[in-house]
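Please have a look at the sequence and the structure, and then read my points alongside them.

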Amino acid sequence: MKTLLTGIAELITNDPSLGDGSPLGIIRRAALLIENGHVVWVGATADAPDADERFDVGGRAVVPGFVDSHTHLVFAGDRSAEIAARMAGERYTGGGIMTTVAATRAASAEELRALARARTREMTASGTTTIEAKSGYGLTVTDEARILRISGEFTSETTFLGAHAVPPEFAGNRAGYIRLVTGDMLRACAPLARWIDVFCDEGAFTGDEAREVLRAGIAAGLVPRLHGNQLGHGPGVRLAVELGAASVDHCTYLTDEDVAALAGSDTVATLLPTADRGTLSPYPDARRLIDAGVTVALATDCNPGTSPVTSMPVVIALAVRETGMTPSEALHAATAGGARALRRADVGRLSPGARADLVVLDAPSHVHLADSAGSPMVSELWRHGRRRV
Ligand SMILES: [Zn+2]
């Protein structure tokens, strides 16, 4: 079955060898042919090949489905009291994670599954077609494995984040918790995850602890990524580069050495501006990173304490307003950048060979995303060549 989309005012391919030659590879008055769930042809509508069925999108823009490369999808509980206190001026320290850990441990698997399902529905409705999902609100062998098992029902991009925080039962015994994370917990979780992550920051895990956790994960066959440089300057970025991590996420506080290290590496800098908004922190400087040649991704950091956000268009709008990105750079970061952060070549682009994961925007140009600030922008969403929204 060959399906042809026509009437595309602006097709964002993210392939600079196509269309206008920009990083977005924009083809105007375009058509796109889908077969077996994949894009098999793109070009001008006038040159479109035959197809079994045709859909006219009516002069709208088509962009790759968003790749949300950083979410904490599976959790229970409510942290509105903490959010209210912070909005009244209290500083974020990461301590509220334990509130979510207690609620998540107490929830049934069916409750966690229903909550995750509701969040993925919101993500889909706002244009996301690929998500990453972390554990990190269980912090016992059983609870971390349970979160990863449920996460795996929603995505293949699952991340073991046992080193999210030291749980209360290990207060005063950090070394004992690291032994658990790198020992029994890793053995139970590695078969359920693709990635290993650690929160390396002020008040979280030190550089040496984070290195130990990530090295153990690598030895167990997982690929490293990490939370770093969110709450202050620190070793996170340089550790990510040293270990060949796919991504270092947050990057709010960077030295010139951090930026240079990222620029000379394959490690993506994933920015999470809705989390900086939620913690009343400064915003990261995307302009500085892009000008230095660093690959930048944007993601929601969907979590109950600092970024209860599921919408990538909101992230794009905030990134353009606050981090120095152009609308085109922000869209690229939310699609191709996220794909790079997950080391995926099959998503985040719409050129031949890619998965047919795409969004028909309710606008003639992708630039409207930068101004939508949360208004619904998704006219249609197609995943793996089938219309889902
Ligand atoms: Zn996070």
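Predicted model: local features only at pLDDT ≥ 70, side-chain atom pairs only at ≥ 80, totals over all residues.

1. How does the radius of gyration of the chain agree with that of a compact globule? For 389 residues, a compact globule would have a value near 21 Å, and the chain has 21 Å, so the two agree. If you picture a box along the principal axes, the C-alpha atoms fill roughly 70 × 45 × 45 Å.

2. Now look inside. Buried residues make up 55% of the 389 residues in the chain. Among contacts with a separation of 6 or more, 69% are between residues 24 or more positions apart.

3. Find helix H13, residues 327-341. From its first C-alpha to its last, this helix of 15 residues reaches 20 Å, close to the 21 Å expected at 1.5 Å a residue. Follow H13 along to Ala333 and you will see a bend of about 40°. Just after H13, Arg343 takes a positive phi of about 50°.

4. Is H13 largely enclosed or in the open? Of its 15 residues, 13 are buried, so H13 is largely enclosed by the rest of the structure.

5. Just after H1 comes Gly89, with a positive phi of about 120°.

Technical notes
Residues numbered from 1 in each chain as written. Helix = DSSP H or I, 4+ residues; strand = E, 2+ residues; numbered from the N terminus. Expected span 1.5 Å × (residues − 1). Bend = angle between axes of the 7 residues up to and from the residue. Buried ≥ 20, exposed ≤ 12 C-beta atoms within 10 Å, placed from the backbone. Rg over C-alpha atoms; globule rule 2.2 N^0.38 Å. Contact = placed C-beta atoms within 7 Å.
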